[in-house]
There are 2 protein chains.
Amino acid sequence: MTYCVALILDQGMVFASDSRTNAGVDYVSSFSKMKVFERPGDRVIVILSSGNLAITQGVMELLERRIHDQSPNLMEVESLYDAALLVGGALREMQGRDGQVLAQYNIDYGASFLVGGQIAGEAPRLFNVYSQGNFIEATLDTPYFQIGESKYGKPILDRVITRETPLDDAVKCVLISFDSTIRSNISVGPPIDLLCYRHNAVRVDRRLRIAEDDPYFQTLRRLWSEGLRGVFATLPAPP
Amino acid sequence: MTYCVALILDQGMVFASDSRTNAGVDYVSSFSKMKVFERPGDRVIVILSSGNLAITQGVMELLERRIHDQSPNLMEVESLYDAALLVGGALREMQGRDGQVLAQYNIDYGASFLVGGQIAGEAPRLFNVYSQGNFIEATLDTPYFQIGESKYGKPILDRVITRETPLDDAVKCVLISFDSTIRSNISVGPPIDLLCYRHNAVRVDRRLRIAEDDPYFQTLRRLWSEGLRGVFATLPAPP
C-alpha cells in the first residue's frame, strides 16, 4: 500500500509520500512515489502516485519520454489542468496495455495520482486523478487530497488543517498524519518524501527525504505520543 | 457504514457501537447494533453487528427465536466459543437464504459480528465473527477488535490501549475513537451504545446510550480537540 497527501493552502503547498511497496508480505521494498517536473520560473509540477507499481512506473515513463518526443507534454502545457489530463491519459494507456492481462490474474491494476504545483501565468492548482483517468481539483473548501491508505491519517488533518494553516504547521501535521498511518498499517513506511512549495515562487522551496531515524521526525513522534497521552490523562472520567 | 469496537482488558470488557445505517445518502436512519443476552449470575453475551442490515437483523431474529424453540441456543450454550459458533451459523443461514438474490443486484451481503462476554464457569472471552461465519478470538496480545469503519478510530486505540488499561480509561479512549471516526466519516453517527462488563460479575455493569448532545461526550470531544491543538502548537517547527 501507499500513503500520499497533498495540501493547497494560502501560503503554498505541501506534498508528501511514503516509500513502501509490497507485493505480498514477503516482498516489501522501497520506491519513491514522488516525481517533480521543474523549470524554475516557468513551472513546478509534483506528481504523487499510489496503486499498482508497474502501472504507476509505466505512467511516469510515458510522461518523461514524451517530454523529449511528443507534444503536448508536461514541460509544455500552459495549465496544470492539462498536466492532469496528460497524467490521466497516460494512466488509461497503461491500463489499456496491461489491464486485461492483470485482470485475468485478479491483480488490481488500479492507480491514482495527485498532481499539483504551478505553471507561470496561472494560479497554483492541485488535482486528484482517479484510477479511471478522470480527475477533480481542490477548491477553497477542500484544502487537501489523500490517496492510498488514507484513513488512519485523516483525523489529524481534519482537526488541524484549514486554508490559513502556515506551511510549517502543515508540514508538522502531515508528518503526524504519516506517524499515525505508519503505526497502524505496516504496508506504509518511511522514508517519507516531503516537498514544500511557496505560491508564485515557481521553484521548489524545500525537498527532503525523511528516514525513520531522522532526528526531527523522531522528536515529533515522541512529543506527539507523549502529548496525546498527557491530554488523555487529563480528560475527566466517565460519570 | 458502522463502527463497532470491543475491548477485553484485565479488569473487564467495553463494547461500543454507533447507530447510523444508510442505504444510499438519501436514506440514513438509526438502528442499534448492540444486542445483549443476559441472565445475571449465569451469562452475559454481547453481540455487536456490522454490515448489511437486513442480514444482521435476520441473524438476530434467528438467534432470538431459537432461545424459545431450538437447542442449542445462546441461553443454553456452556461456552462463549459455542455462542460464536451459533452466530456464525445463523449468518451462513441468512446468507444462504438471501445471498444469491442480493449478489444478482450487486448488493454487498457481507456482515460481521463481535461476540463477547462471560458464561459462568468459563473465563471472559471475545470473538470476531467474519463475514464467512468463521471466527477468531482475542488473546493477550490483541486486546481489542473493531468491525465496520475501523481505520479512523484505530490510531488512538493503538496509542492508548493495553491489557492493563483501567475500564474508565478504556471508555474514554473508545469515545475518542468514535469521535475521530464520526468527524471523518458521515456514515458513522451517534447515538453510541456503550456497555461495560467487569470480569466475573456475570451481569452487565453499565449500559448507556450516548446521544450527540450528551454533556460528558461533548465535554470529552471539546477537551480532546483543544488538547490536541495545544500539543500540536508546542511541537517544534521543522528545521
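Guide: Gladly. Strand β11 (residues 192-198) of chain A and β12(A) pair in the antiparallel sense over 5 bridges, and A:Ile192 stands opposite A:Ile210 in β12(A). This is a predicted model, in which local features need pLDDT of at least 70, side-chain atom pairs count only at pLDDT 80 or more, and totals for chains, interfaces and linings use all residues. Residues are numbered from 1 along each chain as its sequence is written, chains are lettered from A and ligands numbered from 1 in the order in which they are written, and side-chain values use heavy atoms, with hydrogens and water left out.

Visitor: What makes β11 and β12(A) a pair?

Guide: Two strands pair if DSSP finds at least two bridges between them. Here there are 5 bridges, so β11 and β12(A) count as paired. Strands themselves are DSSP runs of E, at least two residues, and helices are runs of H or I, at least four, numbered from the N terminus.

Visitor: Which strands stand at the edges of the sheet in chain A?

Guide: The open sheet has 5 strands in the order β10-β1-β2-β11-β12, with antiparallel pairing. β10 (144-148) and β12 (206-210) of chain A each have a single partner strand, so one side of each lacks a neighbour in the sheet. From one strand to the next, the twist averages 10°.

Visitor: What lies across β1, β2, β11 and β12 of chain A?

Guide: Helix α4 (residues 167-184) of chain A does, running at about 20° to β2(A).

Visitor: How do you know that the chains are related by a two-fold axis?

Guide: Copies are superposed by least squares on the C-alpha atoms of residues with pLDDT of at least 70 in both. Chain A can be laid on chain B with an RMSD of 0.0 Å by a turn of 180° and a shift of 0.0 Å along the axis. That is the relation of a two-fold axis. Of chain A's residues, A:Tyr152 comes closest to the rotation axis, at 2.4 Å (C-alpha).

Conventions
Axes fitted to C-alpha atoms, helices over the stretch in contact; angles between N-to-C directions. Contact = heavy atoms within 4.5 Å.
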